[in-house]
Each structure stands twice: as structure tokens, then as C-alpha cells.
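Dear colleague,

I am handing over a structure to you with this email. Please open it first, and then read the notes that follow below.

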Amino acid sequence: MFSKVQTPCYIIDEEKLIKNLEILKGVQDRTGCKILLAQKAFSCYHLYKLIGEYLSGTACSGLFEARLGFEEMGKENHVFCAGYRENEIDEIISYCDDIIFNSFAQLDKYRDRVLGAGKKIGLRINPECSTQDGHEIYDPCSPKSRLGIINRNFDRENLYGVTGLHFHTLCEQNSDDLEKTLDAVEEKFGDVLNNMQWVNFGGGHHITREDYDIPRLERCIRHIQEKYGLEVYIEPGEAVALNAGYLVTEVLDIVRNDIPIAILDCSASCHMPDVLEMPYRPPLRNSGKPYEKNYTYRLGSQTCLAGDVIGEYSFDRPLEIGDILIFEDMAIYSMVKNNTFNGMALPAILLYRKDGSVETLRKFGYSDFKERL
């Protein structure tokens, strides 16, 4: 299959996506919690009908995601935004069931409009319990974080109309970190939970990873359900499409400096920006770490950005011009974050169906570059 596609392209693996969805549905069925697709990680709406057969709805971060979830999945739709715009809030309310605010100022400004529309209100809290290691950019509990209300600023006298709390502190983490976070949430906000109807554990739960402790997750869910009588929501993004996609690219040229450098028709900056933001090393099929195998190459892009380098990988044989390389775990974040810097074309999006057929979901061209400007 990979040798027949036009590169660069993303390929979503339907069978692997379904495997993830079955795991998540199992958590729902056993605990009664509701799991929402966090669209910020995966918003390929062509697959929302399939995802909706397993999950309870969508989670969004603003107007466009709210509309997408409403139109394409049409199930429960929850929104959190650090700051809502006056000219968008009414439309957002029309699409969403739960509107979650990041401050009491925003709650006071829009409360009557949400309640008047018959929708539910939540507040995002910050339990000030950092469980991440070295990635402050993705740590909502980092010092001076703008996300969530800390305990000393939480106005317990101003909760009219508020029915739920939301926290999101994790990123690609296991359930032991959730357990630790819940301890902090209960210590700081347990009195508030006693007066709520629901709680949202946010995202960052790597539930479909092989070593993820699902029984511990389910104990955490049941603990909150039984102690406070709350409905529990979880909104993972990565777990939905983890390891369920590829970015297929071709070697265009090989140049030499202190190390051989393969020039690819894909780009870290344009097509997998987490490589430069995190930094993140995407898995590459049939490769090893630098110098682990016989032939080591730096993999770079055709763009003019000197730092547009994916990383260094080793191979059993020398790379040749025309070779096809397959980056894995590319269904999440890459597609929603990609861009057309330097006039780079956006990769087509293909679906590898479980029956072995390949369907083109989207193709992109010059107009997609031009019309953004």
C-alpha cells in the first residue's frame, strides 16, 4: 500500500482506530463515565460517525471546533476556552451542551446567556499539582499558568448556575498521575464537588497505550462517582487515534556534511510541528536510534528553514533517492497543527480501511495555500 500512494500523505488506519475506540468504550461500559473526543488532537470529521458509535460526544476549544462537533457528530458537545469573544459566544452556546469558563469574570459576563439557553455551566480549576516532567509548554499546572482557577482565587459564594468542575493537568500520562491529581483536587476543592453534578477529568490520559493502567483509571472514576455522586467525563484526544496513522514521505536527495542528510518531501515545521515545539522524535518504521544500526542519517525537509530537521535515525542499509519512509503515530496533532510555510503543500489525507482498500478523504493544492493569505 505505502509504495502506491503519492507522497507526502497522511494515512489513517481504520482497524487501529477501531481498536482504540473499543478500549475506550470498554471503560465507558464498565464505569458509566462518558468519554468525549478532544478535537484539538484529532478533528478528521470524516470519521466522526464511526467515533460516535463508540464515544459519547466531542470536546472543543472554541467556535470552529464547537460547530464541527455539533454538525459532524451531533452528540454531547462540551467547550472550554480561556477567553470567549463577545461576537462568538452566542453561536458557541447554540452548539454546546456544557460551557466551561476559565474565570469568574467570564462566568459573570456570560452566565445569564448560558442559563437562558438552557445549557450547563462549568468552571475550570487548577489543582496546582504538576505531574509532568520537563514539558512546561504542555503543563497547565506550571507556575504562572493561565489555565484554571487556583484555590485561593475560587469564589465559593459565586457559584449560581454552576453545575460542574473541569480540570486538565495531564499530557500523555498514566493513571497513577491522575490518581495523584485527584488527591489534590479533593484536598482543595472537595467541598465544591459536594455541590456539583458532574466533573470533567480533562485529557492527557494515554488510555490506549499498551502499559496504561486501566483498572486504576476505573477505580479513580468510581471513587468520584460514589463519594460525590457525580457524573464523570473524560476527554482524551491522543488516546482515540494513538498509533492509528502514518505520514508517508519520499527521499528526494541525499547530501553530505558531517553526517549524510536525507532530504524528504515532508517537513517537521509544516507537517509535524511537535518535533520542533516539544521537541518530539516521531517513530519511524524499520529504523533505529542514531548509530544503533549500520547507517545513520539526519532527516530534513526541502524548506529553507535551517532547523527544519526531523531527527537522526539509523537504518540497516543505505538510504537511496526514491525510498519511501513511514513515520508512525501521525494521526494525532500533526493534521490539526500543520501549515503551508514556505509554500509547502499540505499532505493528502487517506483512510486505510480494515478491508484493505484505501480511500482518499481530502486532497490539498495551491488554493489551500493561497486562500489562507
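How far is the sulfur of C44 from the closest cysteine sulfur? That closest sulfur belongs to C9 and lies 13 Å away, too far for a bond. A disulfide is counted here as a pair of cysteine sulfur atoms within 2.5 Å, and by this rule the count comes to zero disulfides. The sulfur of C9, for its part, is 10 Å from its closest cysteine sulfur, in C266, which is again too far for a bond. C9 is buried, at a relative accessible area of 0%, and C44 counts as buried too, at 7%, where buried means under 20% relative accessible area with a 1.4 Å probe and protein chains only.

Please keep in mind that this is a predicted model, in which local features need pLDDT of at least 70 and side-chain atom pairs count only at pLDDT 80 or more, while totals for chains, interfaces and linings use all residues. Residues are numbered from 1 along each chain as its sequence is written, and side-chain values use heavy atoms, with hydrogens and water left out.

Now to the pockets (a pocket is an open set of points on a 1 Å grid over the protein atoms alone, where a 1.4 Å probe fits, with protein on both sides within 12 Å along at least five of seven lines; lining residues have an atom within 4 Å of a point). The largest pocket is lined by 49 residues, and K40, I137, Y138, H168 and Y333 lie nearest its centre. In the second largest pocket, 26 residues form the lining, with S43, M335, V336, K337 and N338 closest to the centre.

Best wishes

Note on methods
Buried < 20%, exposed > 50% of the residue type's maximum accessible area, 1.4 Å probe, protein only.
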